[in-house]
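Here's a quick briefing to read alongside the model.

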Amino acid sequence: VLLQALQGLTPKDFQEFKTKLSEVRMERGWNIPEDSLAKATHPCTLASCMGKNYSKDAAMDVAIGLFEEMNMRDLAEKLLDEKVKEYERKYREHVAREFLRYKEVNARLGENLCLSSRYTDLTIARKPRSQHGGEHGAAGTGRGCADAGDGPATVTAQTLFKPDKDGQTPQVVVLVGAPGMGKTMTVRKVMAEWVEGTFYAQFDYVFCLDCRDIAFTKKASVADLVSACCPHGQMPAGKILDEQKKILFIFDGFEALGFSLVQPEDELSSDPREVKTLQTTLMSLMKNTVLPKSSLLITTRPTALQSLARCLEGEYYMEILGFSAAMREEYFHRYFENDGKADAAFRFARGNEILYSLCVIPVMSWTICTILKQELSKKKNLVECSKATTQMSLFYLSWLMQCRGRDNPQDLQRFLRKLCLLAADGIWKHKVLFEEKDIKAHGLEQPEFLPLFLNEKLSRKGVDCGNIYSFTHLHLQEFFAAMFYVLEDDEEAVSESRALAKDVTVLLESYSKSRKDLNLMVRFVFGLVSQKSIDYADKMIGCRISPRAREDLLRWLQGRHRGTSHPSQAPKVSQLDTFHFLFEMNEQSFAQSALAGFTDIDLQDIKLTSYDQMALSFCLRQWTGLGCVTLRGCSFGQRDPGEEPATSEP
């Protein structure tokens with residue numbers, strides 16, 4: 001194109017171009033030697049000379065500048081159009097490199113995964129237009145929130161901007177989800193669909209900004225933000241933005257910006273080149289004072305919704321609810337890429353109702369698959385897998401802690417103790433939703449940590465009535481509640497926990513007498529005081545778990561069945577949860593001590609899931625004094641949650 005432009009010049013204009021070219025002084029680049037320029041008497045030799053001494057982009061930039069000086073704007077515009085086309089091709093190549101493959105947290109050096117082979121669709125609920133989160137309560141606190149039947153309309157990563165039932169096409173979409181729910185993976189999928197041309201073809205450009213990368217930017221124009229998305233920052237941003245191309249801006253992780261977007265209307269910008277504070281530039285995009293035809297996709301944790309609600313208009317809210325039952329199984333197959341191993345791992349997770357329920361959360365599915373893959377590399381099957389629910393939950397907690405790796409570990413640990421007290425207080429009071437006063441009472445008003453562990457939503461009563469908070473899943477609240485009883489305290493924490501007795505015997509007695517809903521919390525306590533958990537928590541999370549509760553747990557197990565046996569009969573174990581607790585701890589010596597005083601098993605009318613059978617199998621192998629096993633009316637089989645098992649008489 002440059003050669004064609006030079007060939008179209010008159011001899012006089014050609015000479016003027018050469019004269020001006022000899023006066024060009026490139027910063028951080030070579031100037032064309034005078035003797036080389038003197039020999040370039042023909043457009044072909046001059047174009048070749050420029051190509052040898054300048055990069056392709058630099059040669060085009062120089063020519064465009066010289067043609068503008070010569071008032072040859074048509075030629076300058078022609079070269080600029082060609083540069084934009086060339087840039088669009090390079091940008092798509094850049095997006096393909098950045099988004100079609102990705103690196104997982106625990107990946108080996110140089111190991112990248114193909115997005116299309118791993119990505120699994122999520123359940124994404126589309127809420128009515130401009131309803132700001134709080135009217136819908138706190139999602140994710142139940143067991144299997146992604147399997148809800150009748151609810152809001154759902155969309156996929158490919159249809160976020162699909163017209164609604166009234167025919168309105170969203171211009172601003174806010175994608176909400178707790179940590180680990182898949183917001184960033186959804187963004188990757190959007191970028192991949194665009195660059196491959198399968199979806200989002202209505203946009204000429206899609207620019208993705210990680211808010212963590214721009215959080216410390218003080219001032220910027222929209223053109224600056226666009227340039228930050230591009231390789232080497234070289235792009236004709238002004239040309240692209242001036243032409244009013246159809247552009248989608250993606251802001252991933254909006255909560256990382258950490259500032260209010262309320263700005264006076266008269267400070268907003270209408271010029272994409274105008275440099276303003278980052279807050280003002282973002283507000284200008286959101287209020288449509290700059291690039292009014294552009295579209296926005298904003299991903300955020302629930303904590304930032306209140307700030308967004310004040311500055312957006314006509315936006316659509318979409319909430320990631322996690323994996324449905326079918327999606328969970330599909331994810332396992334995509335992760336393992338081997339049907340045999342995927343089936344074995346999925347059977348293991350499905351057989352443990354707690355793990356299966358937690359698989360609703362994508363990062364928990366990843367956690368469980370990662371651990372089971374390690375187990376399958378050591379053995380042919382998972383029949384004797386010792387990785388209990390507690391250890392997988394600790395792995396998830398270590399992932400959360402890594403999200404705040406730059407913070408002072410001691411600050412994070414102090415926060416964790418307070419969080420565990422809130423969780424335990426909530427379980428005792430049958431409470432899964434917490435108000436602002438609860439957060440303040442427990443000293444949790446720390447915005448740098450709170451969004452990692454709790455969902456935050458506006459109150460149903462409105463913006464002025466404070467927020468409500470919940471754990472991502474009820475089982476995670478029960479896990480943190482169990483940690484309250486076993487975490488070692490510092491002096492400050494001792495005074496903070498007086499409101500709730502930190503006495504594991506109180507927990508065990510209440511469970512034995514009437515509070516059967518405490519079952520999972522008790523199971524987690526057993527798992528947390530295993531030596532494996534104590535070592536892992538200390539090394540990977542930096543938390544000290546006290547082993548003191550082990551003696552209380554042992555005495556409780558040894559005494560709980562004696563009252564159920566007739567004095568003339570041998571002591572027997574008649575409650576299945578005993579085997580669950582011992583399997584969760586998974587220590588041979590502890591199990592042997594706990595079972596040493598018993599000789600019989602007597603279970604009646606129980607549907608034994610695969611998890612129950614694994615727990616029984618573990619205990620039977622440690623039980624040297626076992627004399628008799630009685631299973632009256634019990635059935636065996638793999639059970640899907642919500643389905644009746646296939647039974648066979650023992």
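**Salt bridges and a helix with a buried face**

Lys431 and Asp438 bring their side chains together in a salt bridge, at 3.0 Å from N to O; the term means a side-chain nitrogen of Lys or Arg within 4 Å of a carboxyl oxygen of Asp or Glu. Bear in mind that this is a predicted model, where local features need pLDDT of at least 70, side-chain atom pairs count only at pLDDT 80 or more, and totals for chains, interfaces and linings use all residues. Residues are numbered from 1 along each chain as its sequence is written, and side-chain values use heavy atoms, with hydrogens and water left out.

**Salt bridges**

- Searching the whole structure turns up 19 salt bridges.
- In the Lys431 pair, Lys431 is partly exposed at 27% relative accessible area, while Asp438 is buried at 13% (buried is under 20% relative accessible area, exposed over 50%, partly exposed in between, with a 1.4 Å probe and protein chains only).
- Arg515 pairs with Asp517, and their closest N and O atoms are 2.8 Å apart.
- Here Arg515 is buried, with a relative accessible area of 14%, whereas Asp517 is partly exposed at 35%.
- Side chains of opposite charge can pair when their charged atoms come close.

**Charges along H6**

- Arg92 and Glu88 form another salt bridge, at 3.7 Å from N to O.
- The two sit four residues apart in helix H6 (residues 73-99), so about one helical turn separates Arg92 from Glu88. Helices here are DSSP runs (H or I, at least four residues), numbered from the N terminus.
- Both ends of that pair are partly exposed: Arg92 has a relative accessible area of 26%, and Glu88 has 25%.
- A network of salt bridges links Glu86, Arg89 and Glu93.

**Helix H27**

- H27 takes in residues 549-560, 12 residues in total, and its first and last C-alpha atoms are 16 Å apart, close to the 16 Å expected at 1.5 Å a residue (the expected span is 1.5 Å times one less than the number of residues).
- Its buried residues are Ala549, Arg550, Leu553, Trp556, Leu557 and Arg560.
- Looking down the axis of H27, these buried residues fall within an arc of 130°, so they line one face of the helix; the arc is taken from the directions from the helix axis to the C-beta atoms.
- What do the buried residues of H27 pack against? They pack against helices H24 (504-513), H25 (519-528), H26 (531-541), H28 (577-585) and H29 (588-595), with contact meaning heavy atoms within 4.5 Å.
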